[in-house]
Amino acid sequence: MISHKSTLFTESVIRGMTRLCNLHDAVNLSQGTPGFDPPEEVKEAAIQAIRDGYNQYSITWGAPNLRQAIARKMTTFNGIPTDSELHVTVTCGATEGMMSAMLAIINPGDEVIIFEPFYENYGPDVIISGAKPVYVPLRDTPNGEFTYDPDELRNAFSTNTKVIVLNTPNNPLGKVFTRDELQQIARLCCEFDCLAVTDEIYEHIIYTSRPHISIGSLPEMRDRTITVSGLSKSYSMTGWRLGYVIAPEYLTNAIRKMHDFLTVGAPHPLQEAGAVALQLGEEYYRQLVDRYDQNRKLFLDLLTEAGFRCYPPEGAYYIMTDISGFGFPDDTEFAHWLVREIGVGGVPGSSFYSRPELGKTKFRFMFSKPESVLREAGERLMQIRDKIARRG
Ligand SMILES: Cc1ncc(COP(=O)(O)O)c(C=O)c1O
């Protein structure tokens, strides 16, 4: 009785790891749920919005206050001139934003290029929208950075390519795409007449001196880019389900239709409070990055001490590691053992690859937790080598 499409992908490994952590009372460093609350004034604004009567549907593509705040931020921070009436669709998280965007542009047989490893949602996004994925590997270089081979990227493009999916800063690697890379991708999009769909949900969480660059801000990409982002990560409000899609006018109508019939709209009172969040000043973002950078340094040290080989992230709040030194047959077995025996949860690397064998030596941790939680996880992880020795 079930659809063919629903058999083509598994349930989310990341969300499954959270359930496993709950079962074993493990420190959960798997799912990207911040261990912090949104700023007080934003929480107050949400309560006030409910009291002020914002309790019914908003305009389907977003409450005017929030769309205007998003348009201002896109124009100034991202460098993409944005009109709140023509270019903005507020969605139920970036998750729905990606899905609505893909449904709005994909026809059967269209190919979608995805850098691998990738955030696990892009797999089902592609299958549900009916596209054919074409993967391009991101490999680590001797200086510890990840990049793609320009020839491999070029060979991935064909006359069937409709879209290249970008994610910068990237989950799971923390890679921040450089201007050179984005310009190279833009040239290919123009040559092969295709679009970029870019997920920039971690745009405010960057540790390098290089700034975040939106590919949609490159003049040649203005009419070829759909930018997806949201408030979940920048304001620690993953449960509020606020995301948005910025697209040229000729694409926005199709995206708004998909969005309307998928969800009608994002929660109205929370949209009103979201507009307040977007008005926070520079200081807020500086403190956010400082806090995450401290966590990053601390947890890199703890993981290295515990025997993991780490790939230091340039952005976002995840650390990809190599677990080959521990001698487990694969990442999934390691993940289950780690939750059960050590009491710490992470995500098996294979869930970020099209074929599990590509990620079987990789393991991802998130570090968006208070310092005390990371230290507790660190203490537990220090027992790994002992337990492995005793296991024989
Ligand atoms: C790259 C990326 N995009 C999107 C999301 C989900 O965003 P939202 O909560 O806005 O749906 C996540 C969450 O982990 C993510 O890592």
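Reader: Before we start, what are the ground rules here?
Author: It's a predicted model, so local features need pLDDT of at least 70 and side-chain atom pairs count only at pLDDT 80 or more, while totals for chains, interfaces and linings use all residues. Residues are numbered from 1 along each chain as its sequence is written, and side-chain values use heavy atoms, with hydrogens and water left out.

Reader: OK, what's the strand order in the sheet of 7 strands?
Author: The order is S2-S10-S9-S8-S7-S3-S4, in an open sheet with mixed pairing. Strands (E, at least two residues) and helices (H or I, at least four) are DSSP runs numbered from the N terminus, and two strands pair if DSSP finds at least two bridges between them.

Reader: And which strands stand at the edges?
Author: S2 (88-91) and S4 (132-137) do; each has a single partner strand, so one side of each is left without a neighbour in the sheet. On average, neighbouring strands of this sheet are turned by 20 degrees against each other, direction ignored.

Reader: How do S2 and S10 pair?
Author: In the antiparallel sense, over 4 bridges, with S10 covering residues 243-246. Thr89 stands opposite Val245 in S10.

Reader: Which strands does H3 touch?
Author: H3 (residues 64-76) packs on the sheet and touches S2, S9 (225-230) and S10. Contact here is heavy atoms within 4.5 Å. The direction of H3 makes about 120 degrees with that of S2; axes are lines fitted to C-alpha atoms, for helices over the stretch in contact, and angles run from 0 to 180 degrees between N-to-C directions.

Reader: What about H4?
Author: H4 (residues 93-105) lies across S2, S3, S7, S8, S9 and S10, and runs at about 160 degrees to S9. H4 also gives the most to the shell around the ligand, with 3 residues.

Reader: Nice, on to the ligand then. How many residues surround it, and which are closest?
Author: 14 residues surround the ligand, and the closest are Ala94, Thr95, Asp199, Tyr202 and Ser232. To be near, a residue needs a heavy atom within 4 Å. By class, the shell has 6 nonpolar, 5 polar and 3 charged residues.

Reader: Which side chain has an N or O atom 2.7 Å from a ligand oxygen?
Author: Asn171 has one, at 2.7 Å from an oxygen atom of the ligand. The side chain of Ser232 also has an N or O atom 2.7 Å from a ligand oxygen, and so does that of Arg241, again at 2.7 Å. The protein covers 93% of the 400 Å² of accessible area that the ligand has on its own (Shrake-Rupley method, 1.4 Å probe).

Reader: What's up with the phi of Arg241?
Author: Arg241 has a positive phi of about 60 degrees although it is not a glycine. Most residues other than glycine have a negative phi, and most peptide bonds are trans. Arg241 lies in the loop between S9 and S10.

Reader: Where are the cis peptide bonds, then?
Author: One joins Glu116 and Pro117, with omega of about 10 degrees, and Pro117 is in the loop between S3 and H5 (122-129). Another joins Thr168 and Pro169, with omega of about -15 degrees; Pro169 lies in the loop between S7 and H7 (179-191).

Reader: Last one: what's the order in the sheet of 4 strands?
Author: S11-S12-S15-S14, an open sheet with antiparallel pairing. S11 (309-311) and S14 (347-348) are the edge strands. S12 (residues 318-322) and S15 (residues 362-366) pair over 5 bridges, with Asp322 opposite Lys362 in S15.

Key. A polar contact is a pair of N or O atoms within 3.5 Å; within protein, one must be able to donate a hydrogen and the other to accept it, and residues adjacent in sequence count only if both atoms are side-chain atoms. Ala, Val, Leu, Ile, Met, Phe, Trp, Tyr, Cys and Pro count as nonpolar, Asp, Glu, Lys and Arg as charged, and the others, Gly among them, as polar.
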